[in-house]
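Please examine the structure shown below.

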Amino acid sequence: MVKTLKETTEMMVSPDYKERFKAEYYQLMLRFRGLQSMLFKWDNGTLSFEPTCPRSTYNIQIDAMASYLAILELGLLWKVLNYKGESMNPVFVFLVLVGAVVLWFLLSALFYPFGRFLHRVWKDATDEINREDQNKEKKD
């Protein structure tokens, strides 16, 4: 397994698309694990620096990275299944699609906190606008 981004540089410029695909996967996995580690340290109060973005931004980023990893893994599975252009068993295709749907629903639970956050921001903004309008009406 690749341990550093530097180890993937030759793979990224390879003429073989399979090598480039592996490099893309390894790079994303390394970045995902790094961000995951940073968030874990942040949650435990052991982070050695002050993050430049709010936690919600990093939550969105890690969710997107997890989704992208799932897509790459599904693409890898598809490439393995279509080995040498042989046709696939329709039942297996159905099972893969069911698995993708189940994965989607499992990941959708991660988006609930993000949606709740956006709803709260929207509600706060509209409340503030309404409050300003009421204050203007009282002054008039």
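Glu128 and Arg131 are joined in a salt bridge, with 3.5 Å between their closest N and O atoms. A salt bridge here is a side-chain nitrogen of Lys or Arg within 4 Å of a carboxyl oxygen of Asp or Glu. Both residues belong to helix 4 (residues 90–139), where a spacing of 3 residues separates them by about one helical turn. Helices (H or I, at least four residues) and strands (E, at least two) are DSSP runs, numbered from the N terminus. Glu128 is partly exposed at 37% relative accessibility, and Arg131 is partly exposed at 44%. In these terms, buried means under 20% relative accessible area, exposed over 50%, and partly exposed in between, with a 1.4 Å probe and protein chains only.

This is a predicted model, in which local features need pLDDT of at least 70 and side-chain atom pairs count only at pLDDT 80 or more, while totals for chains, interfaces and linings use all residues. Residues are numbered from 1 along each chain as its sequence is written, and side-chain values use heavy atoms, with hydrogens and water left out.

Side chains of opposite charge can pair when their charged atoms come close.

| Pair | Closest N to O distance |
|---|---|
| Glu19 and Lys22 | 3.1 Å |

Glu19 and Lys22 lie 3 residues apart in helix 2 (residues 17–44), about one turn of the helix. Glu19 is partly exposed at 24% relative accessibility, as is Lys22 at 35%. Arg55 is partly exposed, at 25%, whereas Asp43 is exposed, at 54%.

The protein as a whole has 4 helices and 0 strands. Its radius of gyration is 22 Å, well over the 14 Å that the globule rule gives for 140 residues, so the protein is more spread out than a compact globule. This radius is taken over C-alpha atoms, and the globule rule is 2.2 Å times the number of residues to the power 0.38. The C-alpha trace spans about 75 × 45 × 30 Å along its principal axes. Of the 140 residues, 20% are buried.
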